[in-house]
Structure formats: structure tokens, C-alpha cells
Amino acid sequence: MIRRQLTDQANNPSTTPAPPLRAHSPEVSAARARRWGAFFYAEQVLRVMRNYGWSVVLYSVGQPVAYLFAMGVGLASLVDANSESAFGGVSYLEFVAPALLVSAAVMTASGEFSYPIMDGFKWRRVFYGPHASPLIPQQIASGHIMASSLRFLLQSVVYFVVVALFGASPSPWGWVSAIVATVAALSFGLPLMAYAASITQDKGQFALVQRFVVMPLFLFSGTFFPLDSLPIAVRWIGWISPVWHGTELGRVFTYGMDQDPLLTITHVVFLLATATVGWVLVRRQFVKRMGS
Amino acid sequence: MSGGATSLLRVHNEAIRSANPSESSLSSRDMNPPTVISARNLTKAYGDLTAVDNISFDVPAGESFGLLGPNGAGKSTTMKMIGGVSQRTSGALTIMGLDPESHGPEVRAHLGVVPQQDNLDEELRVRENLIVYGRYFGLPLSYLRPKADELLEFAQLTDKANSKVDALSGGMKRRLTIARSLINEPRILLLDEPTTGLDPQARHILWDRLFRLKESGVTLILTTHYMDEAEQLCDRLIVVDKGRIMAEGSPAALIREHSSREVLELRFGSERNATIGVELQGIGERLETLPDRVLIYAHDGEAALEQVTARGLRPMTSLVRRSSLEDVFLRLTGRSLVD
């Protein structure tokens, strides 16, 4: 090898060899991965998202414009004409806007935390590539969650800007609803991700989740009408729904809805608790599936 | 050898020398390189099934070590335990002196891994696959960008750098997976059936690249069920069947020990092989009657053929060949089909 090196140099007397590239030692790799591994994986997820960045942007802008126009302007013209006081003294547009914002984030979460997880473990097995590196399964899970959270937040900020342009957020604290929507997305999405990580055979479970979980939560979570206008027998759907807790909290911030502070605290605790439990279950499921 | 490949090997050699400064003086006074992988009574059970059953082996630095066995022999399970992604049921295992169960990230930081199934990021472009993977090791972009280009040249994929992974052929994907496994300049490379499913041209290109890595001092751990691959690449191998080590040694030593120097293959027609097999008794060291042919294991195949014709038997075809690892493999692991 030394002889080959000398020969190379003799053949190229005019070029000064560039200093050879050196990777840092395995010990440094391991130490950095232990500390920053989740961020390294989040970077990968964001790079993949960048490939369909335009569809994310169009979806983020197009969806609120379409929904707010249809519900908040079209439907509102009927609703406002018939029941002026039904929505706590605000217009139907103001009433429905925070609900649509939260619902949109939750729906995006139902996408990010279902099929891509199955893809990671089963279809294209993308989680197993990084697992052969110094990353551990918990970091792969956390990286996916962090990158997805950033997407929910960006989407919700864009959604809120559109809501504000429609004049549907009179309160100066309205922007907090974007954060609320992100937490609601995690509150719904992380338990779903834990479930998705436990599935070994695709039997159409995610389509069932869409039809029998996401849609009912969207429709019966006080989204289009107050929860207490529903019969008591189905009100529980709202109580266990991150969409309802997020929506009620969002309304407090966008138009200062009058709410018992205890109930406000309950909404916050519910969203944070389900997200935390979901995160713990996700980590556990990833370790169970992939080893240490 | 292309310039890129040469410089890559040079870097590898230098990296290995710098990581092990005592090696040059060590080699002059002590010819035994340090052990990088050590397995003792390694066992892995899934419920009632014992996939790896009490196996022990050591791999010294720089060796090309093969695990040879039929499907379901426990090769991949062993590789997963070495790679720190599967927990052993019992026994001891160290890689670079570290237990992969308690020091998973530290062990994996030493390794390059080529899994049996490619798991490239199909949504990222070819070059980006290398860069992203390097980030998992905390490597800076200032290192990764030129390194990715160097590895693409090594893997003969420079003109595909900005292609989508979907657009690559099977052989190209495999080369990209190997390039990816080298991004952290590992001193130990784990290759799980690296050429399964590839056409002969793609296999030969891969063998060439792997041989260069071996020359540069990288320790290769390789599973395969291709005998020619094992003969080409492995300094030493273990034949594994049903989770147990059936034999261990260099390809040549295994052939010497478990087979004859030459093999005479005779075909008398499917109907007659079995009956004529009886008449061939006593010729050569060992006789094996198969449905389509009769094999006579002998030191001198031509002499054995003369004995056959001397007995008045006229085979439809006859072939004298050197004994191969495949003969050893089939003798040790049997001819029945494993599903």
C-alpha cells in the first residue's frame, strides 16, 4: 500500500495531495449519538419531508382557505341568520375556526403516525437502517415525533394566519391556538403511533381508524356545534376526544370564550397527559420491536 | 484501480494505522492480531426454537470470516447479535471488547452493516442517503460531503449521485448499501448475504470491492450460501446448520478434511443411477448416488473413471472436477430441502 501511495505521488508530481478525510473515532460517534441521536433522526425525517414540501405547503394553505370559506362563510350565512346567541355571542366563523384548526392538525397526525410507522417496520423497513448505526430505537421514535411536531406546528401557524386573515381571531392571544393544535395532534397521534408500532400484519387497520375513530372525533367533538347540544348519551365522545379538548382550549385563546378555569386546566392536563402516555408507549413499543 | 478507490483504501489503511499505532511494531514482534469479535456459547432461542445453539468463535482483526449455512441455519440471527440489534438468550459476546447488549451504540459505532434486505431511504437521492446515514454517527457535513463523493466513486455510482434510489438496479442498490456502510470508516464490516439475488456481473463487481476492503485491513464478517463467494472472500469460515457449528477452518482446509481432492460425476440416466451405484462400490473414497447422477469422491478422478470403465460400465456423461466447498457443505448439512 505504501508503494502504491508513492507511485501515485510519482505519477502526479505537480498536485499536492489533499489531506485525507478522516471520520472521528467510534467513541466520538457513540457519544454524539447518545446525546443528539433523536435530532439526527429528526433531520432525516425533515429531509424526506422536504421532498414533498410543496404538497405540504399547498395542503397547509389550501385546506384552511377551503374549509373556512365553506363553513365559516357559506354555512355561517345560514347559521348566523337563524341563531344569533347559540355560539356564545360570537359569529359562526369565529366559533368554527379554532375547531377547524385543531381538527386539521389532528388529521395530519393521523397520517404521519400511521402508515409511515408501518413503512418503518414492515414495508420499506426504514427504521432498521438507522438502528444499525449508533442510534437506539427510542431515539428513532423521538426523532420521528419531533420532526412531525415541527410539521404540525408550521401547518397550524399557517392555518392560524389564514384564520386571522378571515378576521376569525379577535383576541391578541389567538396565535397560542397553533400551539394548542400541535399538542392536540400529539395527544391523538402518539397513542395511534404506539398502536401502529404494534401492528405486524396490515389488515386495513388504518382505514378502520380513519372511519371509526378520526371521523367521529371530528364530527362529535363540538367542532360544528357546541358539545352540549348533543344528547348526553354521545357526549362522552367529546370528553375523550383530543379534538374537543383542543378546540375548547383554542376558543379561549382565539375569541376569549368564557370558560371555568378548572375546565381550562382539565383540557391542558388531558392533552399533555395523553401525549405523554402515548410517548412512553411509543418508546416501549419501539424497543420491544427493535431491541435495545 | 480507480483513483477514488485507491485513495479510499489509503485512507482506510491510515485510519486503521492511526487508530492502532502499535500495530506496525506489533506485527514485527507478534504476528497475532488482536481479537475483534469473540463469541462464547452464544445462544438465541425464540420460544421453543433454538436459532443459534451454543456457538463459539473468535475473529482476529483484518480477517475475512464467513458464516456458511442453509436457510434457517442461524446466520442472520448471529449477525444481528453481533450488530447489537438482537439480544442473546445466553452466552457471552464481545465486539472490540464491548458487550453489544450493554453498549449497543458504542459497538455499532465501530461497525458497518450491510443487511440482508436493503433498507435505503427510497425517498432520498443516492448521495443524500450517504450523508444522512453519516449524520447518525454525528459526522459533520464538512467531512460527509467529500466522503460521500469518494464512496460513490468507490461504488461506481458517481453518475447516479442525484438519482432517486427507486431508479437503481438491484446491484446498484446493493453497492449503495455497501457504500453507506463505509461512511463512518468502520474497521469491522458485517455483510449478511451481500450478493443474494444479484446477477453474475453485479456479484463480481461486489466481490472486487469487498476484496479491496479486505486488502485495506477491514475485518469482514460475511454470511452466504454461495460457496464460490465463500471461497473467493473468506480466509476462514464456520459451516452452520440448525444453529450449530458443523465445521470450522479455511476453505482449503475444510475441503481437505471433509472431501476428497477430486470428484467424478457420472450420469447413467435417471432410471439406472441407483442400480449402477451398487456396482460402483469400492471405487474411490466415497460414493454418493443421487437421482440424476452418481458422485465418486476420489483422490484421482481420472483413475477412478478408468476403474469404472474397467468394470464394463459406460456412463452417458462423465466429468472429473476438483472438490469444492459445495461438496463439503452438502456433506455437512445434508441434501434435504430447507424451507
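How are α8(A) and α11(A) oriented to each other, roughly parallel or roughly antiparallel? This tour answers that question at its first stop.

The model is predicted: local features need pLDDT of at least 70, side-chain atom pairs count only at pLDDT 80 or more, and totals for chains, interfaces and linings use all residues. Residues are numbered from 1 along each chain as its sequence is written, while chains are lettered from A and ligands numbered from 1 in the order in which they are written.

**Stop 1: two helices of chain A**

Select residues 176-198 of chain A, which form α8, and residues 242-255, which form α11. Helices (H or I, at least four residues) and strands (E, at least two) are DSSP runs, numbered from the N terminus. The axes of the two helices come within 9 Å and cross at roughly 170°. Axes are lines fitted to C-alpha atoms, for helices over the stretch in contact, and angles run from 0 to 180 degrees between N-to-C directions. Angles over 145 degrees count as roughly antiparallel, and α8(A) and α11(A) are therefore roughly antiparallel to each other.

Next, display the side chains where the helices meet. Among the residues in this contact are Val180(A) and Ala184(A) of α8(A), and Gly246(A) and Leu249(A) of α11(A). Two residues are in contact if their C-beta atoms, placed from the backbone, lie within 7 Å. The contact of α8(A) with α11(A) has 9 nonpolar, 6 polar and no charged residues. Ala, Val, Leu, Ile, Met, Phe, Trp, Tyr, Cys and Pro count as nonpolar, Asp, Glu, Lys and Arg as charged, and the others, Gly among them, as polar.

**Stop 2: where the chains meet**

Show both chains. Here 39 residues of chain A are in contact with 41 residues of chain B. On the side of chain A that touches chain B, α1 (2-11), α2 (26-51) and α6 (128-131) each supply at least two residues. The largest share, 14 residues, comes from α2(A). By class, this side of chain A has 19 nonpolar, 11 polar and 9 charged residues.

**Stop 3: a sheet in chain B**

Turn to chain B, whose secondary structure comes to 13 helices and 13 strands. An open sheet of 3 strands has the order β2-β1-β4, with antiparallel pairing; two strands pair if DSSP finds at least two bridges between them. Select β1 (residues 35-46) of chain B, which 8 bridges join to β2(B). One place to look is Ala39(B), whose bridge partner in β2(B) is Phe57(B). β2 (49-60) and β4 (90-95) of chain B each have a single partner strand, so one side of each is left without a neighbour in the sheet.

**Stop 4: the helix across the sheet**

Select residues 75-82 of chain B: this is α3, which lies across β1, β2 and β4 of chain B, at about 120° to β1(B). In α3(B), 8 of its 8 residues are buried, among them Lys75(B), Met79(B) and Ile82(B). A residue is buried if 20 or more other C-beta atoms lie within 10 Å of its own, exposed if 12 or fewer, and partly exposed in between. After α3(B) comes Gly84(B), with a positive phi near 70°.

**Stop 5: two glutamates in loops**

Finally, select Glu185(B), in the loop between α7 (170-181) and β6 (188-192) of chain B. Its phi is near 50°, a positive value in a residue other than glycine. Glu185(B) counts as buried, with 24 C-beta neighbours inside 10 Å. Then move to Glu193(B), in the loop between β6 and α8 (200-215) of chain B. Phi of Glu193(B) is also positive, near 45°, and with 20 C-beta neighbours inside 10 Å this residue counts as buried.

How values were computed
Parallel < 35°, antiparallel > 145°, perpendicular 65-115°, else oblique.
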